[in-house]
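Dear colleague,

I am handing over the structure we spoke about, and I would be grateful if you could look through it before reading my notes below.

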Amino acid sequence: MDPILDGKLLDERKTALLVKVAKLYYEEDMGQEAIAKSIGLSRPYISRLLAEAKEMGIIQFRIIDPLKGESDLERKLRSKTNLEKVIVAPITQKSSHMHSVSKKAVEYLEEIVQNGDVIGFSWGNTIHSVTGLLGQGKKFPDIVAAQLCGGISNLEHNIYCFEIARNFARAWEAKPYVLTCPAVVSSSRLKEAFLSDYDINRVMSYGYDSNIALLALGTFGLQSAVYRAGYLNEQEIAALAKKGAVGDICTHIIDADGNICDPELDGRTMAVPLDVIKKKKTRIGVACGQSRVECICAAIRAEIVNVLIIDEATAGYVIERLK
């Protein structure tokens, strides 16, 4: 019976030849010319066989960097906090800060995820940017990706709920779940009604059960996503600012210490509770830009996140703010 690799049926004789050539070259340390003479083939054909073996995945490489470790900036920020890991994206002229941070977040995610994980995610530009860069080299069909907070109400302001879920599914074949409800509703009674819906309750349950949380650390004010998406008006923003609001995480408006700023508002927020999020094993905060520094610091103080991924400039601002 012909062998199968990555779901593809292979020719047994050709596969055996590819494996033999690969072993002679990489395990026996024979040169291509010597291999060609030993098995009666031309050297260019041996070269093509090695290239084909790489392309098919018969030959795989793993690069281990013994010098890999924290940068001075990462170490400095981690040592000032209770964060388990800090990843700082370098600033380059070729990429935007958002792209650089998103790329680092993808590298970390692809390093830690395992089939069977449940990933809870918030919405917005940052998380959309991260998931848009997910590689398609690995498949995790038993991963569930579930939205942690509602977001479907004002389609004039795209907050990428469906796109983020679709990105997980397209890249990893993960099972995507979206909360098809607003982020904030008019009363706690209406919130209870939404939660009684089977589909919404199921997605919320996945959010509760998630072991990895991928969180945007949002700014606050008239530039915030919750305002631009139409969930809060100017008067509500002003009232929250007087109460010390500095940002939002999964639509939970928090103060400088990471506490819920307005319990009544939070009682109408369609999201996995902040206390539940704080108990998750891996809580990844992703952000860039000076406007998010206050929210980042609040998330650090309250240990809402235990992994922080930011850019160099933002890291500098955060270190200064935490002094």
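Just after helix H3 (residues 43–56), Gly57 takes a positive phi of about 90 degrees; helices (H or I, at least four residues) and strands (E, at least two) are DSSP runs, numbered from the N terminus. Please bear in mind that this is a predicted model, in which local features need pLDDT of at least 70 and side-chain atom pairs count only at pLDDT 80 or more, while totals for chains, interfaces and linings use all residues. Residues are numbered from 1 along each chain as its sequence is written, and side-chain values use heavy atoms, with hydrogens and water left out.

Within H3, Ile46, Leu49, Leu50 and Ala53 are buried, whereas Arg48 and Glu55, on the other side of the helix, are exposed (buried means under 20% relative accessible area, exposed over 50%, partly exposed in between, with a 1.4 Å probe and protein chains only). What covers the buried residues of H3 includes helix H1 (12–26) and helix H2 (32–39), where contact means heavy atoms within 4.5 Å.

Turning to the rings, the structure holds six aromatic pairs, counted for rings of Phe, Tyr and Trp (its six-membered ring) if their centres lie within 6.5 Å, with planes under 30 degrees apart called stacked, over 60 edge-to-face and the rest tilted. Tyr25 and Tyr26 form an edge-to-face pair, 4.8 Å centre to centre with 85 degrees between the planes; Tyr25 is partly exposed at 28% relative accessible area, and Tyr26 is partly exposed at 37%.

With kind regards

Note on methods
The expected span of a helix is 1.5 Å times one less than its number of residues.
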